[in-house]
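User: Got a model here that I'd like to go through. Can you take my questions one by one?

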Amino acid sequence: MSDITQLLQNNKEWSEELKSSDPEFFNELSKRQTPEYLWIGCSDSRVPANQIVGLIPGDIFVHRNVANLVVHTDFNCLSVLQYAVDVLKVKHVIVCGHYGCGGVEAALQDQQFGLIDNWLGHIKDIVYKHREELSSLNEHDKSARLCELNVLEQADNVKRSNIVKDALKRGQPLQVHSWIYSLRNGRLKDLSKVTKQE
Ligand code: CO
């Protein structure tokens, strides 16, 4: 059996297993989704949103891109944010980065990678903004700190969006969280309370 056929087989087993524990699961879920969380994370295969927070289908709305960026002109990400906030009325937006992020580390290098350089430019802006703090760190710590700073900056971008500002103005309960994930131990850390260095 080829690997790709195995995936279809896995899917069959997974759906049957879920149905055996809750026969109405898919039937109910097909009618509506009412997730309380929006996850904005990295595309990295090692950081699967649902699995690392123990949520099942229907529980979390997800947007992922390289290095979990929230760019004010990215209609893809903004459309997800708008739908999640205005229509689904999620209560939490979680921006989740991870240590050892390839996108973040690429932005630290003085090297060209092609098309993605335009995307990584947003992280290079963060490097420049925090150049003093970053310049005092060794290579490992610099990468780790930039992964954190990137999450904080992207969460700020979420907060500064008209979508979130309007939601808060009309009194909709909504919190924005800055989380970072460790590939080494599978644990999440809440960065919201870390003091941001300007
Ligand atoms: Co990454």
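Predicted model: local features only at pLDDT ≥ 70, side-chain atom pairs only at ≥ 80, totals over all residues.

User: Which protein donors does the cobalt ion have?

Analyst: Cys42 (SG), His98 (NE2) and Cys101 (SG), lying 2.1 to 2.3 Å from the ion. Donors are N, O and S atoms within 2.8 Å of the metal (3.2 Å for Na, K and Ca); water is not among the atoms, so sites may look incomplete.

User: And the spacing of the donors along the chain? What is it?

Analyst: C-x55-H-x2-C. Cysteine 42 lies in strand E1 (residues 37-42) and histidine 98 in strand E3 (residues 92-98), so the pair ties together parts 56 residues apart in sequence. Helices (H or I, at least four residues) and strands (E, at least two) are DSSP runs, numbered from the N terminus.

User: Are cysteine 42 and histidine 98 buried or exposed?

Analyst: Both are buried. Buried means under 20% relative accessible area, exposed over 50%, partly exposed in between (1.4 Å probe, protein chains only).

User: New topic. Where is valine 53?

Analyst: In the loop between helix H3 (49-52) and strand E2 (60-65). Valine 53 is partly exposed, at 28% relative accessible area.

User: How do E1 and E3 pair?

Analyst: In the parallel sense, over five bridges. Two strands pair if DSSP finds at least two bridges between them. Tryptophan 39 has isoleucine 94 in E3 as its bridge partner.

Terms used
Residues numbered from 1 in each chain as written. Heavy atoms only, no water.
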